[in-house]
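Welcome! Please have a look at the sequence and the structure, and then read on.

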Amino acid sequence: MTPIQVIGVGLDGADGLSPALRELIDRATVLVGSDRHLSYFPDVAAERWPLGNLQDTLERLRQWLESRDQETGQGQEQDGIQAGSVQSSGELVVVRGTQA
């Protein structure tokens, strides 16, 4: 299973998310998003990666996945960054805007 979740956040911020999605965010090890999107979750203890240069962020994601795999002893069987369901803690959550 992939350790990355991508969650679309509308203009209503965290209030517009289901309890299940809010739980994913609360459990996250890392939150990635724009400053505005990250500001919707001030009480989440996760490390925050504000989106800036996309190439730099993708490289940071790649390094994070590699270090996570080394810590858990698991290899990525596929390309690594993909959608999926996470059952354990320690995931990275990308918060992004949604289309109105």
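## A first look at the fold

Of the contacts in the chain with a separation of 6 or more, 61% are between residues 24 or more positions apart. Please keep in mind that this is a predicted model. The chain has three helices and four strands, and from the N terminus on they follow the order β-α-β-α-β-α-β. Of the 100 residues in the chain, 37% are buried. The chain exposes about 6300 Å², and 48% of that area comes from carbon and sulfur atoms.

## Inside the protein

Let us start with the interior. In soluble globular proteins, nonpolar side chains tend to be buried together. Here, the largest nonpolar core has 13 residues. Those with the most contacts inside this core are Ile7, Leu17, Ile25, Leu31, Phe41, Val44 and Val93. Strand β1 (4-9) and helix α1 (19-27) are the elements that give two or more residues to this core. Apart from this core lies another one of eight residues, including Trp49, Leu61, Trp64 and Leu65.

Not counting residues up to four places away in sequence, leucine 17 touches Ile7, Gly8, Val9, Arg22, Ile25 and Phe41.

Which residues of strand β2 (residues 30-33) are buried on each side? Val30 and Val32 are buried on one side, and Leu31 and Gly33 are buried on the other, so both faces of β2 are covered.

Next comes helix α3 (residues 54-72), which holds threonine 57. Is threonine 57 buried or exposed? Threonine 57 counts as buried because its relative accessibility is 10%, and the cut-off for buried is under 20%. Leaving aside its neighbours within four places in sequence, threonine 57 is in contact with Val32, Leu51 and Gly52. One of these, Val32, belongs to the buried residues of β2.

Leucine 54 counts as exposed because its relative accessibility is 57%, and exposed means over 50%. Together with Leu51 and Leu58, Leu54 forms a nonpolar patch on the surface, and the accessible area of the three together is about 270 Å².

## Charged pairs

Side chains of opposite charge can pair when their charged atoms come close. How many salt bridges are there? The count comes to four. Three of the pairs are set out here.

| Pair | Distance, N to O | Relative accessible area |
|---|---|---|
| Arginine 27 and glutamate 23 | 3.6 Å | Arginine 27: 28%; glutamate 23: 45% |
| Arginine 60 and glutamate 47 | 3.2 Å | Arginine 60: 37%; glutamate 47: 42% |
| Arginine 62 and glutamate 66 | 2.5 Å | Arginine 62: 37%; glutamate 66: 40% |

Now to where these pairs sit. Arginine 27 and glutamate 23 are separated by about one helical turn, because they are four residues apart in helix α1. Arginine 27 is partly exposed, and glutamate 23 is partly exposed as well.

The salt bridge between arginine 60 and glutamate 47 links two elements. Arginine 60 lies in helix α3 and glutamate 47 lies in strand β3, so this pair ties together parts that are 13 residues apart in sequence. Arginine 60 is partly exposed, as is glutamate 47.

Helix α3 also holds both glutamate 66 and arginine 62, which lie four residues apart, about one turn of the helix. Which residues do salt bridges with shared partners join into one network? They are Glu59, Arg62 and Glu66. Of these, glutamate 66 is partly exposed, and arginine 62 is partly exposed too.

How values were computed:
Residues numbered from 1 in each chain as written. Predicted model: local features only at pLDDT ≥ 70, side-chain atom pairs only at ≥ 80, totals over all residues. Heavy atoms only, no water. Buried < 20%, exposed > 50% of the residue type's maximum accessible area, 1.4 Å probe, protein only. Contact = heavy atoms within 4.5 Å. Areas by Shrake-Rupley, 256 points an atom, 1.4 Å probe, with all protein chains shown as cover. Core = buried A, V, L, I, M, F, W, Y, C linked by side-chain atoms within 4.5 Å. Patch = residues over 30% accessible without salt bridge, like charges linked within 9 Å, V, L, I, M, F, W, Y side chains within 5 Å. Salt bridge = Lys/Arg side-chain N within 4 Å of Asp/Glu carboxyl O.
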